[in-house]
Amino acid sequence: MKKAVNKFIEFILIVIIIGCIAIIGKRGYGALTTKMSEREINKITNSINMNVSQGASEFDIREQKSLAALKKFQQMNQDVKGMIEIPGTWVYYPVMQSDDNEFYLDRDVKAEYSEGGSIFMDAENNSDFSDTNTVIYGHHMWINSMFTALDEFRKQDFAEKNNVIYITDNDGMKEYHVFSAYGTPADYDYRTLEFSDPDEKIEYLNKLKNKSEVSLDSGEFNKDSQIITLSTCAYDFDDWRLAVHAVRVK
């Protein structure tokens with residue numbers, strides 16, 4: 001009897017070990033596909049050489065580089081709608097958009113499998129970033145990749161020193177300043193795209209600002225204000241999200 005019990009315990013332990021190995025292997029493969037995708041992106045962005053005119057501003061130089069990168073990525077995939085850059089982080093990615101919000105959850109810029117997926121715009125947004133609220137999604141990875149860097153915006157010191165986000169589309173580069181960052185339940189209303197009433201719009205933007213965990217001076221909103229919302233998973237609680245909002249200034 002004792003021998004049979006020991007064999008049963010050994011069997012259970014073997015099953016557990018095999019299960020753990022499978023989980024580790026899956027995570028390792030997922031990290032590998034994500035890093036391979038990032039290497040491809042970095043290879044393209046780092047290969048861009050420009051003839052910078054004398055007296056060109058930092059903004060102009062960034063814009064020229066991002067426009068050149070955007071053109072290269074669009075030659076690979078017409079779903080590329082822009083580039084996003086967050087100075088102070090590793091975030092410098094093409095922004096994808098498809099007919100639904102599932103496709104690029106696990107596909108890279110070539111539309112091939114990658115656990116980390118891509119940074120992508122909400123399917124309901126205008127592809128030229130012209131909505132009141134352009135929502136951009138990205139995974140929160142267990143490695144330093146994609147939108148994991150957004151965690152830093154929940155820290156006052158970092159958010160104050162690194163509050164600029166650049167979005168580049170075919171019309172040029174747009175500059176945004178972060179005005180709010182917070183964790184929230186996934187069903188919280190932070191992704192409304194457009195408003196018919198200007199007063200309702202301003203009230204909504206102030207609501208997002210007041211929810212922030214950090215204090216940032218972004219000025220007053222008006223009827224023409226446009227924002228981007230960066231959204232990723234957060235792990236404060238079950239089904240939680242991290243939202244970072246930034247208003248367009250240039």
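**View 1. Lys174 and Asp169 form a salt bridge.** In this predicted model, a nitrogen of Lys174 and an oxygen of Asp169 lie 2.7 Å apart. Both partners fall under the 20% cut-off for burial. Lys174 counts as buried because its relative accessibility is 7%. Asp169 is buried too, at 2%. Elsewhere, salt bridges with shared partners join Glu58, Arg62 and Glu85 into one network. The structure holds twelve salt bridges. Side chains of opposite charge can pair when their charged atoms come close.

**View 2. A salt bridge joins Lys110 to Glu40.** The N to O distance is 3.8 Å. The pair links distant parts of the chain, 70 residues apart. Lys110 sits in the loop between β2 (92-96) and β3. Glu40 belongs to helix α1 (residues 2-46). Lys110 is partly exposed, at 41% relative accessibility. Glu40 is also partly exposed, with a relative accessible area of 28%.

**View 3. Arg107 pairs with Asp106.** The two side chains meet in a salt bridge, 3.7 Å from N to O. Arg107 has a relative accessible area of 28%, so it counts as partly exposed. Asp106 is partly exposed as well, at 31% relative accessibility.

View 4. Buried in α2 are Phe59, Arg62, Ser66, Ala69, Leu70 and Phe73.

**View 5. Phe129 has a positive phi.** Most residues other than glycine have a negative phi. Phe129 is not a glycine, yet its phi is about 60°. The residue is found in the loop between β3 (119-121) and β4 (133-137). Is Phe129 buried or exposed? At 1% relative accessibility, Phe129 counts as buried.

**View 6. Asp239 also has a positive phi.** Here the angle is about 55°, again in a residue that is not a glycine. Asp239 is placed in the loop between β7 (227-234) and β8 (240-248). Its relative accessibility is 54%, so Asp239 counts as exposed.

Key:
Residues numbered from 1 in each chain as written. Predicted model: local features only at pLDDT ≥ 70, side-chain atom pairs only at ≥ 80, totals over all residues. Heavy atoms only, no water. Helix = DSSP H or I, 4+ residues; strand = E, 2+ residues; numbered from the N terminus. Buried < 20%, exposed > 50% of the residue type's maximum accessible area, 1.4 Å probe, protein only. Salt bridge = Lys/Arg side-chain N within 4 Å of Asp/Glu carboxyl O.
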